[in-house]
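Student: Please take a close look at a single part of this model. Give the cut-offs as you go.

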Amino acid sequence: MKDAEFKIIAEYKKKMGKLIALIILLLCVCSISAEAAAASVKVLTVGKSYTITGSYSAKSSRKAVASAKKIKTGKYRITANKKGRATITVYNKNGKASRKIYLLVTDSASFKYSTSKLTLEAGSSKTVKATAQNGCTVKYKSSDSNIAKVSGKGEITAVASGTATISAKFYYKRVCVKTLKKKVTVTEASSDTNAETENQEEYPGYSYGIYLVGPSGQKLYSYPADAMISNSTNTRPIYCFYIKTANTALSSFDLYVNGTLVSQATSSAVSIHTVSWDDINYANSSIVNGYRRVSGGYIINLSFPTAGQYMFEFVEYGTNSKANTKTVSSFTLNVLDYEEEETKWIDNLIAEHTTDSMNSFEKMESVCNYLTSAASGFTYLSNINGDVLTLAGESKGSYFENLKWDSYISPAVLAQIAERIGGFTYIHNCYYDYTKGSEAWKTTHYLLKYGIDGDIREISVCPAVSTGEIGTLTYINFSSTSQMVRVG
């Protein structure tokens with residue numbers, strides 16, 4: 001064969017190689033596009049529903065948030081039950097997932113951005129933050145940055161006279177699911193004389209340090225909807241905040257959360273609780289607007305009704321008029337969804353201590369063997385000689401964070417574990433079977449009964465009272481902040 005022919009063949013092979021590589025690349029791109037197209041985002045308000053078609057079956061990752069019910073072959077109704085997030089997985093006839101729907105269930109409190117008009121003088125600024133449901137992000141945009149511009153943190157800066165609209169766009173899975181707008185009017189800067197008149201208001205002028213009492217690693221959780229969990233005093237996520245200040249006049253300062261005055265009993269932003277912590281020495285028994293006096297300041301106890309970001313503003317009132325306020329400290333706290341984090345913990349627990357080769361009974365026994373072992377870290381609630389204590393110095397967010405539970409909470413958690421394992425036809429918490437305190441109650445209330453058809457078994461993971469014995473009560477020393485975390 002001549003050299004010229006060899007060259008032609010070599011060139012042909014080179015071109016074919018490039019063509020094959022291009023085809024493979026296109027197939028990968030198409031595969032990626034197909035995968036992306038298989039997922040979508042849907043927003044529903046609580047109580048609403050919609051129908052999906054072309055589905056052999058559909059399952060919800062969180063039935064408490066959204067349920068999937070078969071209407072007829074090929075059709076499923078998705079119903080939004082409560083605020084939260086869920087993934088609806090749609091399966092084909094072969095049992096393979098064909099697509100996913102990332103469902104966001106919202107209510108009237110899911111997205112907030114003050115819609116009241118804002119007037120600013122040119123050159124001044126004000127931070128107005130939008131609050132978004134947990135799992136969502138917010139981006140701000142001005143309709144005219146030459147009049148009013150806005151930063152990524154919600155700070156609005158007045159540039160020149162005129163009117164502009166600030167939009168707060170809320171995103172879930174990178175999809176804009178809600179837009180709220182705020183009108184801003186910018187006026188000319190007032191003269192020095194006017195500014196001098198406005199600055200005549202006086203304020204107490206004290207310093208304030210705001211601390212979250214408890215270990216540095218504790219997280220904030222929303223109030224759980226599960227009645228079994230939320231009724232347990234020692235597992236409620238109620239948080240103790242210490243206000244360090246020399247100001248003894250309670251009427252001269254206050255706390256706002258998401259723009260709402262916390263001391264108002266009707267506040268929907270947070271809830272105030274009158275918990276008396278056993279490890280705090282109070283200066284007196286008086287509680288005023290939720291505040292109680294301690295050495296060096298005040299204590300206020302708060303819980304959060306929903307997950308998301310909470311904007312705190314600590315203000316002083318003007319000495320001439322309480323209508324005038326001055327922000328002396330501001331900060332943002334992120335609150336996690338209790339039930340969502342609990343489900344993650346249970347699923348991780350099951351994944352770490354079971355295998356696919358185990359049946360449902362074996363999985364349940366394996367998880368419970370771990371929970372009753374020293375390796376789990378679980379103990380009975382902190383107590384002295386059997387008397388249970390409520391300690392501000394302990395992590396208060398959840399049983400799966402503070403690793404403390406009793407005969408009330410443990411069977412309720414076991415019921416949830418059994419449900420997540422699946423396969424059981426009978427799951428029963430024995431706590432309420434008999435009158436509390438009766439002999440029958442004493443021997444059964446800590447048990448979970450579970451089984452498949454007629455094979456019913458009993459199990460318990462309630463630790464002994466002695467495991468929570470602390471011996472001596474140590475009071476929190478408010479002259480040192482080693483047992484708390486500064487947040488503002």
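Tutor: A search of the whole structure turns up zero disulfides, a disulfide being a pair of cysteine sulfur atoms within 2.5 Å. In general, such a link is a covalent bond between the sulfur atoms of two cysteines. Cys240 is buried at a relative accessible area of 0%. Cys430 is buried too, at 1%. Buried means under 20% relative accessible area, exposed over 50%, and partly exposed in between, with a 1.4 Å probe and protein chains only.

Some ground rules. This is a predicted model, where local features need pLDDT of at least 70 and side-chain atom pairs count only at pLDDT 80 or more, while totals for chains, interfaces and linings use all residues. Residues are numbered from 1 along each chain as its sequence is written, and side-chain values use heavy atoms, leaving out hydrogens and water.

Now the part itself. The structure holds two cavities of 30 Å³ or more. On a 1 Å grid over the protein atoms alone, a cavity is a set of points where a 1.4 Å probe fits but cannot get out, and its lining residues have an atom within 4 Å of a point. Take the second largest cavity. Its space is about 60 Å³; that volume is what probe spheres set on the points fill, with points joined across faces, edges and corners.

Which residues line the second largest cavity? They are His273, Thr274, Val275, Tyr282, Ile287, Gly290, Arg292, Ile299, Ile300 and Asn301. By class, five are nonpolar, four polar and one charged. Here Ala, Val, Leu, Ile, Met, Phe, Trp, Tyr, Cys and Pro count as nonpolar, Asp, Glu, Lys and Arg as charged, and the others, Gly among them, as polar.

Strands S22 (282–288) and S24 (297–303) each supply at least two lining residues. S24 gives the largest share, three. Strands are DSSP runs of E, at least two residues, numbered from the N terminus.

Focus on Asn301. It sits in strand S24. Its relative accessibility is 4%, so Asn301 counts as buried. The Asn301 side chain reaches the backbone oxygen of Val275 at 3.3 Å. Val275 is itself a lining residue of this cavity. Beyond neighbours within four places in sequence, Asn301 is in contact with Ile238, Tyr239, Cys240, Ser271, Ile272, His273, Val275 and Trp277. Contact means heavy atoms within 4.5 Å. That list includes Cys240, the buried cysteine at 0%.

Definitions and conventions. 1 Å grid on protein atoms, 1.4 Å probe; cavity = no way out; pocket = protein on both sides within 12 Å on 5 of 7 lines; lining within 4 Å. Helix = DSSP H or I, 4+ residues; strand = E, 2+ residues; numbered from the N terminus. Polar contact = N/O pair within 3.5 Å; in protein donor to acceptor, adjacent residues only side chain to side chain.
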